[in-house]
Amino acid sequence: MRLHRNLVFTVIDSLEDVFNEKEYADKVIQKALKKDLRWGARDRKFVAETFYEIVRWKRLYNEIAGTKDHYSRENLWKIFAVWAVLRGIELPDWKYFEDTPVRRIKGKFDELQSNRAISQSIPDWMDELCLKELGEKKWTAELKAQNIPASAILRVNTLRGTKKQLQDLLAKDDIVTKPIKGYPYALELDERKNVFVTQAFKSGMFEMQDASSQLVAEFLEIEPGMRVVDTCAGAGGKTLHIAALMENKGSIIATDIYGGKLIELKKRAKRAGAFNITTKKIESTKTIKKLYNTADRVLIDAPCSGLGVLKRNPDSKWKLQPEFIDNIKAIQSDILERYTKIAKVGGKVVYATCSILPSENQEQVAKFLEKNDNFKLIKDKKVLASVSGYDGFYMALLERIG
C-alpha cells in the first residue's frame, strides 16, 4: 500500500480532533470525508478505517510509541507510524517518519501481549470492572470481540417493501447484501459502501441498525392496533421498527428529553412512511405521569454505559469514566420505577440496554421486581458480541399483573 499525503494528513487532523478536542469520532469522520469531493471510494475507505483503527487501539499504540498519553502533532505522527509498521506498510521518505524504529515497534508489540488491558487497548478501570462482573473467560472473549469493527447491517422497512425487493434494488447500485440467520429483517453488507445516496434509502426502504438492536422491538411482542410508548426514543431507530411491526395500525408515542432527536425522528418517520408516531418531548416528570396506565406496550431503551457497543463506538472507551457508570445505574433504577407505570394492567414492558454489565441489566431488573410485586418477569435475553458477532445487548420483558 502506498501512503498519500492528503489522506494521511486528514487522518492526523481527525485524530487531533478526537484525542485533544474531545470531539465524537462519528462527527469527526463525517466532516473529514467531506474534505475533498474528488476522493474515490478507496480514498474514503482508507481515511475512515485508518482513523477508527488508531482510535480503537489508542492505548496500545501509545505504549509502543512511548508518547506518554500526550497527543501533540509530533506524537500523532509517531502513533501513525506504529499503525503502519504493524500492518507491514512501507513508510515513505517523509520527514515525519525519519528514524522510525521499525524493529523496536515490532518487539514492543510482542512484549505487551501479556498485559490484557494494554494489548486489547482499554483503560485499567474498565478492565477491572468488567472482569469483576463477567469473570475472566467471558470478559476476555468479549473484549476481543469488541475490538473487531462492527459489520454494516441494514433493517428492511416492511412498510415500504420486502427484504428481497431491497436486495434487488441495492444490487442495481452494486451493493451486495446477505440475510442473517435468526434476524428476519436484517441484511449485512458484503463491504462498507455509502448506502445513504441510494434510491433505496431515499425511498425509505431501510434503516441502518445493528442486528442485536433489531431484536428489541420484536421482544415487545407487539401486535397491530396497540398503543405503544417508546420512552427513550432518541432519533427513533427502534421506534420505526415498532411502527413497521404494527403495520402502521394503532399508535406510538415517542418521548425523549432531547427535542432535537425527536425532530430527526419525525424526518425519518416521514421517509419510512410511518404515520402512527406522535413525538413528545419530556419537559418534566408531569410528561410521563400523564401517560400512566395508558399503554399496551412500553419500551424503556435505557441510557447506559454503552459497553456492549465499543466495536462501533471505540472512542467511548476513552470518554467513559467510572463515576458515569455509578450515576447511570441510579438513573436506570429511577427510570424503571417511573416509566413502567405507563403500562396498563396486563400490559408489557421491555427494559433494554446496550451494556453487557449485569449491574446495569439483570441486577437492575431483580431490584425492581423486589420492590414491585405488581410486575413479573416473562423472559430476558443477554446478547454478547463474542457469541453473536454483533453488538452486546440486554433485554427483559416484564408484565404488569396488578
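Are R268 and E207 buried or exposed? R268 is buried, and E207 is buried as well. Buried here means under 20% relative accessible area, exposed means over 50%, and partly exposed is in between, with a 1.4 Å probe and protein chains only.

Before going on, the basis. This is a predicted model, in which local features need pLDDT of at least 70 and side-chain atom pairs count only at pLDDT 80 or more, while totals for chains, interfaces and linings use all residues. Residues are numbered from 1 along each chain as its sequence is written, and side-chain values use heavy atoms, with hydrogens and water left out.

Back to that pair. R268 and E207 form a salt bridge, with the closest N and O atoms 2.9 Å apart. R268 is in helix α14 (residues 259-272) and E207 is in strand β4 (residues 206-208), so the pair ties together parts that are 61 residues apart in sequence. Helices (H or I, at least four residues) and strands (E, at least two) are DSSP runs, numbered from the N terminus. A salt bridge is a side-chain nitrogen of Lys or Arg within 4 Å of a carboxyl oxygen of Asp or Glu. By this rule the count is 26 salt bridges.

A second one is E221 with K348, where the closest N and O atoms are 2.6 Å apart. E221 sits in the loop between α12 (214-219) and β5 (227-230), and K348 in strand β9 (residues 343-353), so this pair ties together parts that are 127 residues apart in sequence. E221 is partly exposed, at 29% relative accessibility, whereas K348 is buried, at 15% relative accessible area.

D168 forms a salt bridge with K164, the closest N and O atoms being 2.9 Å apart. Both lie in α10 (residues 163-171), four residues apart, about one turn of the helix. An α-helix has 3.6 residues a turn, so residues three or four places apart point the same way. D168 is partly exposed, with a relative accessible area of 39%. There is also a network of salt bridges that links D13, E16, K35 and R73.

Next, helix α2. In α2 (residues 25-32), the residues A25, V28, I29 and A32 are buried. Down the axis of α2, these buried residues fall within an arc of 95°, so they line one face of the helix; the arc is that of the directions from the helix axis to the C-beta atoms. They pack against α1 (5-19) and α3 (41-56), with contact meaning heavy atoms within 4.5 Å.

On a 1 Å grid over the protein atoms alone, a cavity is a set of points where a 1.4 Å probe fits but cannot get out; a pocket is an open set with protein on both sides within 12 Å along at least five of seven lines; lining residues have an atom within 4 Å of a point. Grid points are joined across faces, edges and corners, and a volume is the space filled by probe spheres set on the points.

The whole structure has one cavity of 30 Å³ or more. The largest cavity has a volume of about 40 Å³, and its lining is S333, L336, E337, Q364, K367, F368 and K371. Helix α18 gives the largest share of that lining, four residues.

The second largest pocket holds about 340 Å³. Of its 18 lining residues, K58, D69, K317, W318 and K319 are the closest to its centre.
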